[in-house]
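Open the model in your viewer and keep the selection tool at hand. Each stop below says what to select and what is there.

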Number of protein chains: 2
Amino acid sequence: MAEDVDLDVLNDTLSFYIRTINLAVSRDLDECLEGLDVAKGTGKITTLLLVDSHPGIRPSLIAQLTMKDRSAMGRIVEHLVSHGLIRRETSAEDSRAQELYITESGAELATKVRDLVTRQSKDFFSFIPEDEQAQLMDILGRAYRRIVGLA
Amino acid sequence: MAEDVDLDVLNDTLSFYIRTINLAVSRDLDECLEGLDVAKGTGKITTLLLVDSHPGIRPSLIAQLTMKDRSAMGRIVEHLVSHGLIRRETSAEDSRAQELYITESGAELATKVRDLVTRQSKDFFSFIPEDEQAQLMDILGRAYRRIVGLA
DNA sequence: GCAGATAGTGGATAAATGCAACTATAATAT
DNA sequence: ATATTATAGTTGCATTTATCCACTATCTGC
């Protein structure tokens, strides 16, 4: 049945593939992270990892990197704080801004998540040959940096 | 500020790029399609186009191609039907199943959407060189077909 | 100081997602 | 033939996200 369905113009539409594959990876990732205080959305994972590796990082910067607006970011921070994974302080230099720091249990979780996330991605895309994965990462990486204003 | 932030392990995680870029394309696409009875989610667009080019196609097949479950699919079909874009009939061979057909206004919209969607994708990714876009499409296309069970 | 930008908060609304129960019909096996 | 199991679709519900907007506080530059 499905084998010979023609996808119309979507067959040549990059956004279609990005969007559908996103659905699949995200679902799979959610499964892997089930019950881990950090599920659904790149928001929480990215925030946790960035706070862990960049002590004092500000919500607004993470928002930019994850493409969230400030209110969405605020809710993510609130979530992580309320679960005791990160700590929130007002910046000394700019009292509008906050600085985020990891807690002990946050650091523990970060270690675990780092492992799970990279493994999940590798596993999920394992049917793509190594060299093509590298190509993908290279191109998408540049796209990401460009979109987000990192380069 | 943002220029020199290291993304931790996410820097080498394909799923991260897929997920964030997905956010960006989807938002951009939504803007392009604003007010068009078909916004948010690959679901409606794909359904409209597939029904247009495959008269009599079944919801369950579209569900497979768009990675939705039946309930999500049902709601999309319901939405399109209620907006007069497609028509729903019970299949003669299998009265459990339905066959979907495009309506006049649905066909009109499909034409418009086909154009908008392909252009949006091209524009959005225009900063990626042609040949790299082709590579991306090739790899992601195979990934998609594999995930969805098309090959 | 004043005007305008920026950081973060909070609320309300609108959608999408996933889950599970339920009907109806088909296909299979005994 | 009939009992079992699988499939197509519908519906309700609870959860989660997203988006938009208004609001406070603070900073920057004139």
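How do the residues of the surface near DNA strand C divide into nonpolar, polar and charged? They divide into three nonpolar, six polar and eleven charged. Here Ala, Val, Leu, Ile, Met, Phe, Trp, Tyr, Cys and Pro count as nonpolar, Asp, Glu, Lys and Arg as charged, and the others, Gly among them, as polar.

Before going on, some ground rules. This is a predicted model, in which local features need pLDDT of at least 70 and side-chain atom pairs count only at pLDDT 80 or more, while totals for chains, interfaces and linings use all residues. Residues are numbered from 1 along each chain as its sequence is written, chains are lettered from A and ligands numbered from 1 in the order in which they are written, and side-chain values use heavy atoms, with hydrogens and water left out.

**Stop 1: chain A**

Select chain A. Look for six helices and two strands. These are DSSP runs, numbered from the N terminus: helices are H or I with at least four residues, strands are E with at least two. Along the sequence the order is α-α-α-α-β-β-α-α. The C-alpha atoms fill a box of roughly 60 × 30 × 25 Å along the principal axes.

Chain A has 151 residues, and 52% of them count as buried. Buried means under 20% relative accessible area, exposed over 50%, and partly exposed in between, with a 1.4 Å probe and protein chains only. Now turn to contacts, meaning heavy atoms within 4.5 Å. Among those in chain A with a separation of 6 or more, 54% join residues 24 or more positions apart.

**Stop 2: both protein chains**

How far must chain A turn to be laid on chain B? A turn of 180° and a shift of 0.0 Å along the axis do it, with an RMSD of 0.1 Å. The relation is therefore that of a two-fold axis.

**Stop 3: DNA strand C**

Select DNA strand C and the 20 residues around it. A residue is near a strand if one of its heavy atoms lies within 4 Å of it. A:R70, A:R75, A:Q98, B:S95 and B:R96 come nearest.

- A:R70 has a polar side-chain atom 2.7 Å from a base nitrogen of DNA strand C.
- A:S60 has a polar backbone atom 2.9 Å from a phosphate oxygen of DNA strand C.
- B:R96 has a polar side-chain atom 3.3 Å from a sugar or linking oxygen of DNA strand C.

Two or more residues each come from α3 (59–66) and α4 (70–82) of chain A and from α4 (70–82) of chain B. α4(A) gives the most, with four residues.

**Stop 4: DNA strand D**

Move to DNA strand D, with 21 residues around it. A:K40, A:S95, A:R96, B:R75 and B:Q98 come nearest.

Which element gives the largest share of the surface near DNA strand D? That is α4(B), with four residues. By class, this surface has three nonpolar, six polar and twelve charged residues.

Check B:R96 again: a polar side-chain atom lies 3.0 Å from a base oxygen of DNA strand D. A:R75 places a polar side-chain atom 3.2 Å from a base oxygen of DNA strand D. At B:R88, a side-chain N or O atom is 2.9 Å from a phosphate oxygen of DNA strand D.

**Stop 5: A:R96**

Select A:R96, in the loop between β1 (86–90) and β2 (98–102) of chain A. Is A:R96 buried or exposed? A:R96 counts as exposed because its relative accessibility is 76%. Its side chain makes a polar contact with the side chain of A:D94, at 2.9 Å.

**Stop 6: α3(B)**

Finish on α3(B). Six of its eight residues are buried, so this helix is largely enclosed by the rest of the structure. Among the buried residues are B:L61, B:I62 and B:L65. Their cover includes α1 (14–32) of chain A, together with α2 (42–53), α4, β2 (98–102) and α6 (130–148) of chain B. After α3(B) comes B:M67, with a positive phi near 60°.

Note on methods
A polar contact is a pair of N or O atoms within 3.5 Å; within protein, one must be able to donate a hydrogen and the other to accept it, and residues adjacent in sequence count only if both atoms are side-chain atoms. Copies are superposed by least squares on the C-alpha atoms of residues with pLDDT of at least 70 in both.
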